[in-house]
Amino acid sequence: MSLKSFLKSIKSDVSSIASTDFSIEIGRAKILPSADDQGLTFSDFDRKIKKCKLFKTCVLYIDLRNSTTISISHRPKTLAKMYSSFVRSMVKTSEYFGGSVKNIVGDRVMVLFERKDCFKNAINTAALLNTVPQKIMNKEFKNNEIRCGIGIDFGEMLVVKTGTIKQGKYKGDNRSLVWLGRPANVASKLTDVANKSEYESRPGVHLGYYYPFTKKWLWTKETAEEFVGKISKTIVTPIRHPDYLVSISPTTISNQKKILPILITNEVLEGLKKEAPNEYSIKNLSWLEQKVEVSGYSNKVWGSDLQYSVGGEI
């Protein structure tokens with residue numbers, strides 16, 4: 001087939017699907033859909049129809065931190081062992097609390113859960129996934145290099161069967177489900193920032209205090225807001241600052257912000273509170289609000305470093 005004919009066939013496919021007489025049927029799934037679900041179909045150009053489904057649950061992503069640095073610093077054989085053990089361990093761990101691995105891209109794993117008990121199972125899975133690299137894998141691989149970021153969101157996703165129908169030895173290669181919607185998108189973005197360090201820089205002032213009775217200097221830094229807040233409010237007398245302030249100069253204040261390994265949306269936390277109020281992480285206030293920005297999501301983000309002990313206790 002010539003390139004011109006090939007592109008013409010692609011244009012025909014796209015035009016057929018985009019046309020008004022091509023029907024999209026969307027049903028609701030009560031259980032986690034699989035590729036063999038009769039309610040999910042490829043694009044049928046003869047009948048001009050495609051069947052999709054909506055499913056509401058928790059979606060979890062886990063990703064390896066510093067994968068580029070690790071790749072550069074290891075020999076191929078060591079790298080192959082590390083990645084093989086990581087992916088194998090993450091897949092098996094994801095399934096312990098009923099999770100279902102739906103996608104693996106490089107070192108990123110996507111996990112979905114049945115709707116029933118999805119909040120509890122997703123959080124327990126996250127704690128277990130956070131445990132295995134820190135307490136098992138880093139015992140085998142030196143320098144504690146294996147760190148992960150985990151993100152979880154909850155909501156409704158559109159399940160679409162993609163690919164083409166093929167025969168022969170490549171029959172199953174182009175068949176997969178795509179999970180579209182905010183939960184998958186937000187969970188993935190939370191995974192991107194989880195278990196990382198961020199640096200903040202703000203304008204500030206460098207202050208020098210001289211105490212004549214002891215003849216000693218004290219040097220410190222304050223943000224502009226802190227400095228202004230200590231100035232006495234006055235109209236008649238000169239502006240005054242408390243203590244023995246002698247030197248003022250502009251500076252920059254930098255802070256390192258460590259983001260926790262497990263990040264969840266506010267919807268996940270509220271769902272867990274309702275579904276399992278006696279869970280360890282709820283009773284022990286394990287969730288701390290994280291000041292992270294995720295495009296497409298404006299509610300609170302919570303973080304934790306939940307882990308299990310080697311004996312199996314959280």
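Partly exposed means a relative accessible area between the buried limit of under 20% and the exposed limit of over 50%. W219 has a relative accessible area of 45%, so it counts as partly exposed. W217 gets that label too, because its relative accessible area is 44%. Keep in mind that this is a predicted model.

## Aromatic pairs

Searching the whole structure turns up six aromatic pairs. One of them joins F119 and F154, whose ring centres sit 4.7 Å apart with 45 degrees between the planes, making the pair tilted. F119 belongs to helix α4 (residues 118-140) and F154 to strand β5, so this pair ties together parts that are 35 residues apart in sequence. Both F119 and F154 are buried.

Back to the tryptophans: how are the rings of W217 and W219 arranged? They are stacked, because their planes are at 10 degrees, with the centres 5.3 Å apart. Elsewhere, Y96, F97 and Y308 are linked into a cluster by ring pairs.

## G151 in strand β5

Strand β5 spans residues 148-162, and G151 is part of it. Is G151 buried or exposed? With a relative accessible area of 0%, G151 is buried.

What does G151 touch, once residues up to four places away in sequence are set aside? The list is V59, L60, Y61, A187, L190, T191 and L263. Take T191: the C-alpha atoms of G151 and T191 are 4.4 Å apart in space, while the two residues are 40 residues apart in sequence.

## S281 in helix α8

Helix α8 covers residues 280-283, and S281 is found there. S281 has 4% relative accessibility, so it counts as buried.

The side chain of S281 makes a polar contact with the side chain of W287, at 3.1 Å. Leaving out neighbours within four places in sequence, S281 is in contact with W287 along with I123, L272, S286 and L306.

## A nonpolar patch on the surface

Now for the surface. M1, L3, F6, L7, I10 and V14 form a nonpolar patch there, and together they have about 660 Å² of accessible area. One of these residues, I10, has its place in helix α1 (residues 3-18). I10 is partly exposed, because its relative accessible area is 38%.

How values were computed. Residues numbered from 1 in each chain as written. Predicted model: local features only at pLDDT ≥ 70, side-chain atom pairs only at ≥ 80, totals over all residues. Heavy atoms only, no water. Patch = residues over 30% accessible without salt bridge, like charges linked within 9 Å, V, L, I, M, F, W, Y side chains within 5 Å. Areas by Shrake-Rupley, 256 points an atom, 1.4 Å probe, with all protein chains shown as cover. Salt bridge = Lys/Arg side-chain N within 4 Å of Asp/Glu carboxyl O. Helix = DSSP H or I, 4+ residues; strand = E, 2+ residues; numbered from the N terminus. Buried < 20%, exposed > 50% of the residue type's maximum accessible area, 1.4 Å probe, protein only. Polar contact = N/O pair within 3.5 Å; in protein donor to acceptor, adjacent residues only side chain to side chain. Contact = heavy atoms within 4.5 Å. Phe/Tyr/Trp six-rings, centres within 6.5 Å; stacked < 30°, edge-to-face > 60°.
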